[in-house]
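Hi there,

Here is the structure I promised to pass on.

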Amino acid sequence: MINIVSASILSADLLNLESEIKKLEENNVDWIHFDVMDGVFVPNISYGIPVLAQVSKVSKCMECDVHLMITDPLKYIRQFDEAGADIITFHIESISDTVETVKAIRQTKCNVGIALKPDTPAEAVFPYINEHLTMVLVMTVEPGFGGQAFMDMSEKIRKIRRYADEHGFCDLLIQVDGGIDEYTSGIVKSAGANVLVSGSYLFKADDMSSAVEKLKR
Ligand code: DX5
Ligand code: ZN
């Protein structure tokens, strides 16, 4: 079973983003994870649309996996699409209407992801698991910062995988984000996750290629 690795560039050298992205490409990273934080939905501010427009230009072989940690994602879907997103994931806890936001993303070229914070139960996403949903993101830290300690969400991942399988959505991607490394990746993969976001572990690795391999295997 091959897993998708999505590198969170929050941990990259932001002054040298182009060479950092080339390095990810050379080391078989599949997706670029682009964390957008508005200082309201989460207690941190990162980067947004103009930066994504540049990143998407230099990351031709990797998908742009945009994780919106913002209060009202519905307002900005078109702009993130135009800036080069391939998949847009928004939080179910945001104030935007979930059905309307899924619809708005589907009207672009992007795939749709819905994210759950650690305290949000698996059942919250069940009504939205259908042919329009590509991915569920199960946060394994409180969103807002890179480099935090992993929280075990195995039970939640299992419930979502079971529900999707039972309802004929075996292709549903389950992404995990926060504290993923060579050890914690084993835990989430055996629970049913298949898209691994990794920031500090990948960018701190002496040998990025073997770090990517360990996550994929
Ligand atoms: C946290 C972000 C993550 C973060 C992951 O709110 O969504 O994508 O950058 O970083 P690590 O892998 O260092 O936990
Ligand atoms: Zn993220």
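Two rings of Phe, Tyr or Trp (for Trp, the six-membered ring) count as an aromatic pair if their centres lie within 6.5 Å. Please keep in mind that this is a predicted model. By that definition, the structure holds two aromatic pairs. One of them joins Phe 34 and Tyr 47, with 4.7 Å from centre to centre and 40° between the planes, so the pair counts as tilted. Phe 34 belongs to strand S2, while Tyr 47 is in the loop between S2 and helix H2 (49-58), so this pair ties together parts that are 13 residues apart in sequence.

Now to the ligand. Ligand 1 sits in the largest pocket, with 20 residues around it. The ones that come nearest are Asp 35, Gly 144, Asp 177, Gly 179 and Ser 200. By type, the shell around ligand 1 divides into seven nonpolar, 11 polar and two charged residues.

Which strands each supply at least two residues of that shell? They are S2 (31-37), S3 (63-69) and S8 (195-198). S2 gives the most, with three residues.

Oxygen atoms of ligand 1 lie 2.7 Å from a polar backbone atom of Gly 144, 2.7 Å from a polar side-chain atom of Asp 177 and 2.8 Å from a polar backbone atom of Gly 199. Taken alone, ligand 1 exposes 380 Å², and the protein buries 99% of that.

Happy to chat once you have had a look.

Best wishes

Technical notes: Residues numbered from 1 in each chain as written. Chains lettered and ligands numbered in written order. Predicted model: local features only at pLDDT ≥ 70, side-chain atom pairs only at ≥ 80, totals over all residues. Heavy atoms only, no water. Near = heavy atom within 4 Å. Polar contact = N/O pair within 3.5 Å; in protein donor to acceptor, adjacent residues only side chain to side chain. Areas by Shrake-Rupley, 256 points an atom, 1.4 Å probe, with all protein chains shown as cover. 1 Å grid on protein atoms, 1.4 Å probe; cavity = no way out; pocket = protein on both sides within 12 Å on 5 of 7 lines; lining within 4 Å. Sits in = over half its atoms within 2 Å of the grid points. Helix = DSSP H or I, 4+ residues; strand = E, 2+ residues; numbered from the N terminus. Nonpolar A, V, L, I, M, F, W, Y, C, P; charged D, E, K, R; others polar. Phe/Tyr/Trp six-rings, centres within 6.5 Å; stacked < 30°, edge-to-face > 60°.
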